[in-house]
Amino acid sequence: MKTCLVAACIVAAMTFIANAAEKRVEIGYVESFDGKADAFVIHRAGGDVHPALLAPIYNDDAIEVATAGATIRLKLTGRPGQVIISQANHNAKLAAEPPKTSMFSPLLEWASRSINIFDTEERELVAANIRGSSGELSAPALARPQALFAGRQSFVVGWLGPRQASIRLTDARGGEIASGRAAGGLWTSQPINLTSGRYTVVVSDGQRSIQQTVDVRPTAEAPTWRADPATAPELNDISVAAWLAGSDDRFMLAALQKIAPHARDSQPARVLTKALVSGRRPQGKPPGA
């Protein structure tokens, strides 16, 4: 597995390096693909590459699908939804109007390397027919006190375990701020107003309970980052979530708040969400941290 993880890092890194050398503006990126990356080849003037999540796509790229029934899904500028490529329509050159500036910042490139490590790990587990978490309740992202920032927001909590869980958020006086019950390892509250102060979150499945403190800090103390208006919102939020989790493990919950809303519609966001819930953080110092 270590060999595969190293290979994933190399593929992602080489893809971005090759694209930077071409000095072209991308027209989109790889959103998801079936199975393993070697089932697909991206043919381009600068040299053929295998796909990785968030790998840039350029005008005149053509994608070959080597496995019958496999598909690769792209997000291209100016096109709603996803562009799906299979053997029925592969090897056609891709074309779209490129944005004026690149949608890939150094931070997103850094985040993509960890996301592809997480993605490779998940694909290896699926290939080995190892199912998701079983046994007792755990919440690795809540292993230590967490920090959020004040404001109106939904409160998101994740956990591992096969049973439904009850979630309760209380303030310093024990007053209930939000509560609910959910299955599937992720719960999102209705939007609530979180003011500065100390809170407590409890996750319970009827057999075991996990409790942790949440320090809500003033908005002025929130880390600052510049969102690029030319970049898709999910890409900005992937970058921010990876930065938060990678810079300090006290921001694991803050990162989850940022990325979880995109997990339903974005495979890179879904991979990062699952990694955060399981307590895994992007590796290496993030740009600007």
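## Overall make-up

Among contacts in the protein between residues at least 6 apart in sequence, where contact means heavy atoms within 4.5 Å, 67% join residues at least 24 apart. This is a predicted model, in which local features need pLDDT of at least 70 and side-chain atom pairs count only at pLDDT 80 or more, whereas totals for chains, interfaces and linings use all residues. Residues are numbered from 1 along each chain as its sequence is written, and side-chain values use heavy atoms, with hydrogens and water left out.

The protein has five helices and 15 strands, these being DSSP runs numbered from the N terminus (H or I and at least four residues for helices, E and at least two for strands). Of its 289 residues, 47% count as buried, a term that stands for under 20% relative accessible area, with exposed meaning over 50% and partly exposed lying in between (1.4 Å probe, protein chains only).

An open sheet of mixed pairing is formed by five strands in the order 7-15-14-10-11, where two strands are said to pair if DSSP finds at least two bridges between them. Strand 7 (146-149) and strand 11 (176-182) are the edge strands, each of them pairing on one side only, and the twist from one strand to the next averages 20°. Pairing of this kind runs through backbone hydrogen bonds, either parallel or antiparallel.

The buried residues are M252, L253, A254, A255, L256, Q257 and I259, and they pack against strand 7, strand 9 (156-158), strand 12 (186-188), strand 15, helix 3 (233-247) and helix 5.

Helix 4 (residues 252-259) and helix 5 (residues 267-277) pack at an angle of about 155°, with their axes 10 Å apart. The two helices are therefore roughly antiparallel to each other, given that angles over 145 degrees count as roughly antiparallel, those under 35 as roughly parallel, those from 65 to 115 as roughly perpendicular and the rest as oblique. On the helix 4 side the contact is made by M252, A255, L256 and I259, which meet A269, L272, T273, L276 and V277 in helix 5. The residues of this contact divide into eight nonpolar, one polar and no charged, where Ala, Val, Leu, Ile, Met, Phe, Trp, Tyr, Cys and Pro count as nonpolar, Asp, Glu, Lys and Arg as charged, and the others, Gly among them, as polar.

## Strand 5 and its partners

Four of the five residues of strand 5 (residues 72-76) are buried, so this strand is largely enclosed by the rest of the structure. Strand 1 (residues 28-33) runs antiparallel to strand 5 and is joined to it by five bridges, with G28 standing opposite L76. Strand 5 also pairs with strand 6 in the antiparallel sense, over three bridges, and in that pairing L74 stands opposite V83. Six residues lie between the strands in the hairpin of strand 5 and strand 6, where G78 takes a positive phi near 80°.

Most residues other than glycine have a negative phi, and most peptide bonds are trans. L54, by contrast, has a positive phi near 70°; its place is in the loop between strand 2 (40-43) and strand 3 (56-57), and L54 is buried, with a relative accessible area of 0%. N91 likewise has a positive phi, near 70°, and is found in the loop between strand 6 (83-85) and helix 2 (106-127), where N91 is partly exposed, with a relative accessible area of 41%.

Definitions and conventions:
Axes are lines fitted to C-alpha atoms, for helices over the stretch in contact, and angles run from 0 to 180 degrees between N-to-C directions.
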